[in-house]
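The sequence and structure come first, followed by the points grouped by topic.

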Amino acid sequence: MGKQYETVIGLEVHVELATKTKIFCGCSTAFGSAPNTHTCPVCAGMPGALPVLNKKVVEYAMAVGLALGCEITKNCKFDRKNYFYPDNPQNYQISQLYLPICKNGGIEIETDEGGKKFVGIHEIHMEEDAGKLVHDEWEGCSYVDFNRAGVPLIEIVSKPDMRSAEEVIAYLDKLRLIIQYLGASDCKLQEGSMRADVNLSVREKGRGEFGTRTEMKNLNSFKAIARAIENEKNRQIDLLESGGAVIQETRRWDDLKEYSFAMRSKEDAKDYRYFPDPDLVLLQITDSWIEEIKGQQPEFRTEKLARYQSEYGLPLYDAEILTGTKKLADLFEATSALSGSPKKVSNWLMGETMRLLKENGMDAEDIRFSPENLAALIELADKGVINSTVAKEVFGHVFAEDADPKRYVQEHGLRTVQDEGALHGVVEQVIKENAKSVQDYKDGKEKAIGFLVGQTMKAMKGKADPGAVKEMLKGMLAE
Amino acid sequence: MSITGMTALELGNKIQKREISVVEATEAVLESVRRKEPSINAFVTVDGEGARKRAKEVQKQIDEGTLTGPLAGVPVAVKDNLCTEGMPTTCSSKILHNFIPSYTATAVENLMRAGAVVIGKTNMDEFAMGSTTETSYFGATKNPWNTSHVPGGSSGGSCAAVAAEECPYALGSDTGGSIRQPSSFCGVVGLKPTYGTVSRYGLVAYGSSLDQIGPIARDVADCAAVLEAVASYDTKDSTSVRRQDLDFTSALKEGVSGMKIGLPRDYFGTGLNTEVKEAVLAAAKKLEGCGAVIEEFNLGLVEYAIPAYYVIACAEASSNLARFDGIKYGYRTKQYEGLHNLYKKSRSEGFGPEVKRRIMLGSFVLSSGYYDAYYLKALRTKALIKQEFDKAFAHYDMILGPAAPSTAPRLGENLDDPIKMYLGDIYTVSVNLAGLPGISVPCGTDKAGLPVGVQLIGNCFEEKKIIRAAYTLERTGGYSRSTLAVLDGTSERGK
């Protein structure tokens, strides 16, 4: 009978902050520009250049810390982490070791069993990102792009409080949502604006002390994280079961091969020779600054969930989907404010929007249409300017290219024909040409009227209000 | 008087009065450099073409009335660890022998705004590490008073150039005495301002928490005027201090009546050369004669300043100099196998022995397991030294002592014994550890005719007090520049 094991997991999550400029200079943080176009003597580490702290970075870090229930370190400092690598222009990274900005927080996550669990946050510190190396296998050389060098990061270090991949995903999901709601980052794992390293160890159930842990890197999606955790847990248990021992080391996950390999062990871990950066002064955070940041905290998901149900009368399920991403919640609230009919906005988002997202393999984050255009579409449908079939067609264009519904309807002649005279003539014609259906209806087959409405709509090229057509048909057939 | 014999303010005055053109001044200075450099070697780079072009531009601005400052049109030499756009900035190191910055240091920009004509970059100890200017990759600078002696360091090139009348004034940097000690050896006036007064942006860092840029000139008035021009609050330097009292020339008044001046007993004990001691004490006497109250006192922790300084400066240097790796700019080894080997060979070949020694020392004191015992202890010592000075300044307006234990040693005398060289910094390093201002003013010569400087140390932000005392000493001390005119046959003074 095999032993029972428990997995112990702690996370180090790097989040790229959404500031317009870098952490220590005025260069842009924009992603995807030509190499080395967002650089200056400071972020390129030129001799004599000096860092000056971006205030917004501190405010985002504080906002995240406060949202995660952390204490703010009122006298905090930056330290230099010394190591040589070409993506690191100064050959040291400005980070925080001794006095990180936030400490001792945590969040509650929902577990699979429907229970709640507290995951502690050990600390959050601010640091600068490194540049990017581009290896040209063809030319046999490497290039460095310093556009990313100096982009601000926070590292959120959890306590070893998680016990399964599910808990890890729940924690990351919650973390991501909170940070997105704060506007502190878009938290895209694929693009690297959120990166998670997993520290994992196993121990026999009931044991007090932790086993030897490994650190797993290169995890680019929630699925990869779940797979890597499962794999590493099994690897460590197999090792122990076969009489071996786990080595404290850093491992790199290969998601294609579903396999990890050792990068470096503790023995050859570098001595980073951390020391306080003499170029940056002590950062003093006043109580009033903390209060100011506290005052700016947005409404988070829990509060939104309750409000969407009570204020807008949405069902829990809808409220959960709409608050599931900041993008959807923002879109919902902005469109509702414009149109005044939250229920209809919710219907468009829950129905057509979700359908198209799924169809196109997109995430809510990828939505590009504006609240203004969705509100305008709802207004057109409400006023009967277009019918529901046309509305769906127009929405397709709002969704795809953020089309202006009014202009689109105008340019494509999709207005419902309000001219009773014109409609009257068409209905007369339809009655004349469909004698059998007319007879069926008169014989009491109510369904036949549907066919006649359909024929009229077809003749009107869809630009009529089906309700009005039905009424007119009924009236004329009753004569 | 010849152009090159004038002080910066004298020359600036004649330029404002249109008695001398900026081009004339520049040509005279370049000619003096051309003649004296073979024996002095004060410069790493002389930019004659750039200086001539700049001189015309400055003259135009003066003629248009847009440049009216006292230093407008006056040529200047800049220590080669200050970045100058388009002009090599080597730090006198092989590893930066071909480095041309893409930007100009704030201090130099400030001087340019005041109308300065930069004629070139001066020699120094490699990365400012040394006290003799002998560790330069470009060869030692010679003391203009006797070319078989060193000029001191690390701003030896700047001080020698000013002393030899190769230019009226220069900029230096001072991490542990690098302005004051060579000023003393070369018989010029050098001032290290309060930490944070002059922006460090563009100064290639040695010990960031100690580095300050300062003026080197032939008299106190020039020093005050240059400091007034270079000092500024700079948003590009987080350690820059916003000061309202940058009108240093307002302190150029005679009189020290009622000023209390403390003489630390430990600054006059064993290890101090007798002739230097006599000259410095004579300067104190002169100030006493002018009404100052002179008192001896015990300044604590003097013996801990050198170890604390070398631990802190080297720790910071080991990290500051990490960026010189042969990847982006500077020297790269010819042949290498892989990245690690590229780093190792480029740095081994690119740095000189003194720089390597300090990088290794600094790396050691920051290593895990040694950090607390060395680096942290040094930081605590630094804080205690500052407290000792605070106590002293509760009683005294300033502190007076030597700038160096001896006059300029012979070339090569200190090179083999780094400890001996480090001990020579005894009177200067604590000033940097405490962030204080200090000025070195000539106060005599030894029997061999080599200059001696007296150092006046002020409390933080009290440059004006030491400027006033230095000015008084210079004016009333019976000590004038003409008595210094023994420049190894190269002087133009008195002609």
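**Helix packing in chain A**

Helix 12 (residues 420-433) of chain A packs against helix 15 (residues 466-478) of chain A at an angle of about 60 degrees, and their axes are 10 Å apart. The model is a predicted one.

- The crossing of helix 12 of chain A with helix 15 of chain A is right-handed.
- Helix 12 of chain A brings Leu423(A), His424(A), Val427(A) and Ile431(A) to the contact, where they meet Val469(A), Met472(A), Leu473(A) and Met476(A) of helix 15 of chain A.
- Sorted by class, this contact between helix 12 and helix 15 of chain A has seven nonpolar residues, one polar residue and no charged residues.

**A sheet in chain A**

- In chain A, three strands make an open sheet with antiparallel pairing, in the order 5-4-15.
- Strand 5 (92-95) and strand 15 (275-276) of chain A are the edge strands, each pairing on one side only.
- Strand 4 (residues 79-82) of chain A runs antiparallel to strand 15 of chain A and is joined to it by two bridges.
- Opposite Arg80(A) stands Phe275(A), a residue of strand 15 of chain A.

**Contact between chains A and B**

- The interface brings 24 residues of chain A into contact with 31 residues of chain B.
- On the side of chain A that touches chain B, 15 residues are nonpolar, five are polar and four are charged.

Technical notes
Residues numbered from 1 in each chain as written. Chains lettered and ligands numbered in written order. Predicted model: local features only at pLDDT ≥ 70, side-chain atom pairs only at ≥ 80, totals over all residues. Contact = placed C-beta atoms within 7 Å. Nonpolar A, V, L, I, M, F, W, Y, C, P; charged D, E, K, R; others polar. Axes fitted to C-alpha atoms, helices over the stretch in contact; angles between N-to-C directions. Helix = DSSP H or I, 4+ residues; strand = E, 2+ residues; numbered from the N terminus. Left-handed = near helix turned anticlockwise from the far one by under 90°. Pairing = 2+ DSSP bridges.
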